Amino acid sequence: MTDENKFLKSSKETVDKQQKTEETTEENKHHDKYPGEYVPGDRKNKIRWIQIVYGMQKCCLGFIIGLCECLLQVDKEWAGGFQGTLFCLVEHDTYEWELELRFNKSANIQASQGVLKNKTNEIFTYHCLNWNCSIGAFKAFSFEFTADGDVKPNNLIGAIFNGKTVDLIRVSDPPLVTFPSKSVNISKSNGSYDYGMVLYASLLFYESQRSGRLPANKRISWRGDSMLTDSGSNGEDLTGGYFTQGGLAKESHYMAGFTTLLAWGVIDYHDAYLKAGQLDYIRDAIRWSTDYLMKAHVSERVFYTSVGDPQTDTWFWSRPESVLSSRISRTTTPENAQSEILGEAAACLAAASIVFRSSDPIYETKLLTHAKQLYSFANETRDQDFPFSPMPLPPMYGDELGWAAIWLYIATNETHYLLDAKRHCDQFELDGYSSFFETDDRELGFVVLMAKSTGEEKYRTSVERKCNRYVREGRKTPKGLCYIHDYKTLPRLGNLAFACLQAADIGINSVEYFNFTKQQIGYILGDSGRSYVVGIGQNYPQRPRDRGSSCAARPPICTREILRNPDPNPYLLVGALVDGPDEKDVFEDDRTNANVPIQLVLRTMLVFNQLLLVYFIMKLN
């Protein structure tokens, strides 16, 4: 099945599920439970729904001249032209669309969300692309365009969608405040690095990847509210959270993965965050994620695993703020349990509960309740990872079950969670030889926590064996980088180094592991001749593969053409760690090459590993 067909199939399944739910619900209950959701035949509710979608407390005036309505949002206007987005409520399942825009005078149009099939001086006809042809009933359709040639918004006099004339309701959206972030100097007079400033920068990066309605005190001026229509198949609010793969999708697995490690840093190095003046900011970063994950856990045995299609997302390039249409959401239930995702989410919320124990005990209790339920869900409904494999394969969720159990033990001090962790270790051989430490592989982090929690020699031996595989035996580049893998080289190195520092803290090869980590941090921050963290130090990357920072301020339309633009990103994505160089220390600052630095590792989102930074703030700064 092609990616396009997979997308169409998943879209149809989501729409069918939503329609089935709507058919079994009385219309008047719709108003009470989902006041912002569109109800067929109710014009007043439709207008209110459009207002809620746009976050606008204003009156939309218009009149019906066709079978559906479209809202024309004027994003920006200047002498001779304007930037606009057409937003429509589609009242029936649509698997192919055609849009005609009609002006009352000659105009020029630029648009990237459709193929221009026909045009005159005043009429422009666009056909859908492969990735955006499918639109579910009562879902949103959006079309962004720029018009110039001495025209104003009121010169757009009509639109025809799939042969039906639509009414245009015009609203204006306040422009985004846009100006680039500043680079950060991390050099100290004694020749060392200011790890506190690097920590500050890495937290700015997290803020640049936020989805939803942003707070009034946001520090990234070029980001605005986005994805305000994100919802579940039954209308559940799924706004908020973080973008997780360098695109615009939100995946609960990876969001929980990086948040668990952020919480670990606060738990072990609280005073370092306090010393750096970043304690409130790191708590906000964690809470932005955990608030979303708890919203995604809509009932004891239903958890939303993603919003947005990661496959489709790789094709689509736009500002987050420009995406106004509804997006696909997916769940895990007892019928399609995904224990790997559930276990990671449970671990995240358990670790986060410790962070908020003293500052917000009510929130701590809420986090623990969700964590316990998610762990039980994962452990009791273990999925079959490879149901169609001709031979038995080991499950992929074992490390996440152990990871969740040990974090719940640390958070609650309830012995049965420790016993579960030990059973998972034995059953899934988590004290084996895997030395990666990332969201998809938690073995090293698990045995570190087991060694710290129990002091048992089997776990200490496992930690040492895993660390030595790279500290002593790993291949090195000519300039001294421990080259772990061709993909996500630096983030994987950061995670490994932190785990080994944890081992050093409990007396395992303490001097050796400390010196190894300090040398690798130096390589990343500039000892190699360049910095690999955007906006940090000297000769840092300037072309990261990131939607928000690569799109210039409006009115220009932002499309995949930006990938081939050789210029630096218009905005500085301060704090983002790139994948890193190759095995010969060669680095290409080129956003078109997805195998070198540019992926930003938004999938693991560890940026420049904060756990390392806070460790060295305590030890060296």
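What percentage of the 621 residues of the protein count as buried? The share is 59%, where buried means under 20% relative accessible area, exposed means over 50% and partly exposed lies in between, with a 1.4 Å probe and protein chains only. This is a predicted model, in which local features need pLDDT of at least 70 and side-chain atom pairs count only at pLDDT 80 or more, while totals for chains, interfaces and linings use all residues. Residues are numbered from 1 along each chain as its sequence is written, and side-chain values use heavy atoms, with hydrogens and water left out.

**Overall make-up**

- The protein has 18 helices and twelve strands; these are DSSP runs numbered from the N terminus, with helices being H or I of at least four residues and strands being E of at least two.
- Of the contacts between residues at least 6 apart in sequence, 72% join residues at least 24 apart, a contact being heavy atoms within 4.5 Å.

**Helices α5 and α9**

- Helix α5 covers residues 252–268 and helix α9 covers residues 339–355; the two pack at an angle of about 30°, and their axes are 8 Å apart.
- That angle makes α5 roughly parallel to α9.
- Angles under 35 degrees count as roughly parallel, over 145 as roughly antiparallel, 65 to 115 as roughly perpendicular and the rest as oblique.
- Axes here are lines fitted to C-alpha atoms, for helices over the stretch in contact, and angles run from 0 to 180 degrees between N-to-C directions.
- On the α5 side the contact residues include His253, Ala256, Gly257 and Thr259, and on the α9 side they include Glu340, Ile341, Glu344 and Ala345.
- By class, the contact of α5 with α9 holds twelve nonpolar, four polar and two charged residues.
- In this sorting, Ala, Val, Leu, Ile, Met, Phe, Trp, Tyr, Cys and Pro count as nonpolar, Asp, Glu, Lys and Arg as charged, and the others, Gly among them, as polar.

**Leu349 within α9**

- Leu349 is part of helix α9 and is buried, at 0% relative accessibility.
- Leaving out residues up to four places away in sequence, Leu349 touches Thr290, Leu293, Met294, Leu367, His370, Ala371 and Leu374.
- His370 is 21 residues from Leu349 along the chain, and their C-alpha atoms are separated by 7.2 Å.

**Helices α13 and α15**

- α13 packs against helix α15 (residues 489–505) at an angle of about 15°, with axes 10 Å apart.
- The two helices are therefore roughly parallel, and their crossing is left-handed.
- Leu444, Val448 and Lys452 of α13 meet Leu496, Ala499 and Gln502 of α15.
- Four nonpolar residues, one polar and one charged make up the contact of α13 with α15.
- Glu438 sits in the loop between α12 (415–428) and α13 (443–454) and is buried at 6% relative accessible area.
- Between the C-alpha atoms of Glu438 and Gly494, 56 residues apart along the chain, the separation is 10.0 Å.

**Helices α14 and α16**

- Helix α14 (residues 457–471) and helix α16 (residues 510–527) pack at an angle of about 45°, their axes being 12 Å apart.
- This makes α14 oblique to α16, and the crossing is left-handed.
- Glu464, Cys467, Asn468, Tyr470 and Val471 of α14 meet Glu512, Tyr513 and Phe516 of α16.
- The contact of α14 with α16 has five nonpolar, one polar and two charged residues.

**Loop residues**

- Most residues other than glycine have a negative phi.
- Met227, in the loop between α4 (195–208) and β10 (250–251), has a positive phi near 55° and is buried at 2% relative accessibility.
- Asn539, in the loop between α16 and α17 (547–550), also has a positive phi, of about 55°, but is partly exposed at 47% relative accessibility.
- Gly246 lies in the loop between α4 and β10 and is buried, with 3% relative accessible area.
- Gly246 and Pro544 are 298 residues apart in sequence and 9.3 Å apart in space, C-alpha to C-alpha.

Key
A crossing is left-handed if the near helix is turned anticlockwise from the far one by less than a right angle, and right-handed if clockwise.
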